[in-house]
Structure formats: C-alpha cells, structure tokens
Amino acid sequence: MKCMLLLLFFVMPLSGCRGWSLDYGQPDAQFLQEDLSGFGKSFEGRHITVKGTVMKVDASQSEYARVYLAEGIECNFGKLKAMAESCRIGDTVYVDGFLRRCNEGDVLIDPAVLRDPKAGFKAKKL
C-alpha cells in the first residue's frame with residue numbers, strides 16, 4: 001500500500017492534469033479583455049486569467065457551453081453549463097483557462113472556468 005501511495009505522490013505532478021491546474025494552479029498571466037489579443041500571443045497553451053464583459057452566453061448544446069466576451073474572446077466551459085448560465089450579458093467576469101488561440105478578434109480559452117472575483121488580479125501590461 002505504501003508503494004502505491006509513493007508512486008501516486010511522484011507520478012501525480014508529472015501527469016500534467018489541466019483540471020487540477022485550473023482549480024488550484026496560479027495563472028501564468030492575467031489580462032484585461034482589451035489587452036489580450038495584443039499581448040497574449042506568447043501565452044498560447046498556458047494558463048491565464050482574463051477580465052471581461054459578457055456579450056453572449058450559449059448553453060443550448062448539451063456537449064458544450066460557451067461564454068463570449070467583448071473583443072472576440074470565446075470561452076469554452078464544456079459541460080459546466082450551470083457556470084456558463086450564471087453569466088449575464090453585461091456582467092464583468094474573471095475567466096481562468098488555457099489560451100488556445102490568440103488572434104485579433106479571434107481568441108479561444110479552452111477549457112475555461114469562472115474565477116472568484118475577490119481573488120487577486122493584476123493585469124499584465126507591456
């Protein structure tokens with residue numbers, strides 16, 4: 001039994017679990033929505049936070065829920081429909097996730113979760 005626990009202890013950090021990183025990990029950078037497409041390209045594939053205004057919520061499909069922020073930012077909440085549906089148009093939200101695509105007017109954060117608005121936030125400025 002001890003061997004199994006030791007094995008888990010050493011293998012777990014090497015497994016690269018994205019869910020754990022979203023729930024408990026610190027983001028590599030934090031951005032305001034208007035700065036993300038300009039400064040975020042070098043953070044593709046990494047964990048980020050973005051503060052933005054909800055423009056649209058789409059939870060109509062059973063396999064995914066998406067929240068769209070201003071500046072062309074799409075956030076894929078996957079099966080976390082209740083989390084996505086809690087967003088209202090015009091709300092300011094903090095979204096944590098992995099930056100998958102970062103082009104002017106075409107940004108994808110996938111997977112995404114809402115971050116506690118009381119958590120520390122310091123936007124990256126270049």
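Predicted model: local features only at pLDDT ≥ 70, side-chain atom pairs only at ≥ 80, totals over all residues.
**Entry: total.** I searched the whole structure for salt bridges and noted 6.

**Entry: partners of Arg 101.** I recorded a salt bridge between Arg 101 and Asp 106, with the closest N and O atoms 3.1 Å apart. Asp 106 has 32% relative accessibility and therefore counts as partly exposed. I then recorded a salt bridge between the side chains of Arg 101 and Glu 74, at 3.9 Å from N to O. This pair links distant parts of the chain, 27 residues apart: Arg 101 lies in strand E5 (residues 92–103) and Glu 74 in strand E4 (residues 73–76). I checked the 3.9 Å value against the cut-off, which is within 4 Å.

**Entry: Glu 74 and Arg 66.** I found that the side chain of Glu 74 also meets that of Arg 66 in a salt bridge, at 2.6 Å from N to O. Which class does Glu 74 fall into, buried or exposed? Glu 74 counts as buried because its relative accessibility is 17%, the limit for buried being under 20%. Arg 66, at 18% relative accessibility, likewise counts as buried.

**Entry: network.** Which residues are linked in a network of salt bridges? I listed Arg 66, Glu 74, Arg 101 and Asp 106.

Technical notes:
Residues numbered from 1 in each chain as written. Heavy atoms only, no water. Buried < 20%, exposed > 50% of the residue type's maximum accessible area, 1.4 Å probe, protein only. Helix = DSSP H or I, 4+ residues; strand = E, 2+ residues; numbered from the N terminus.
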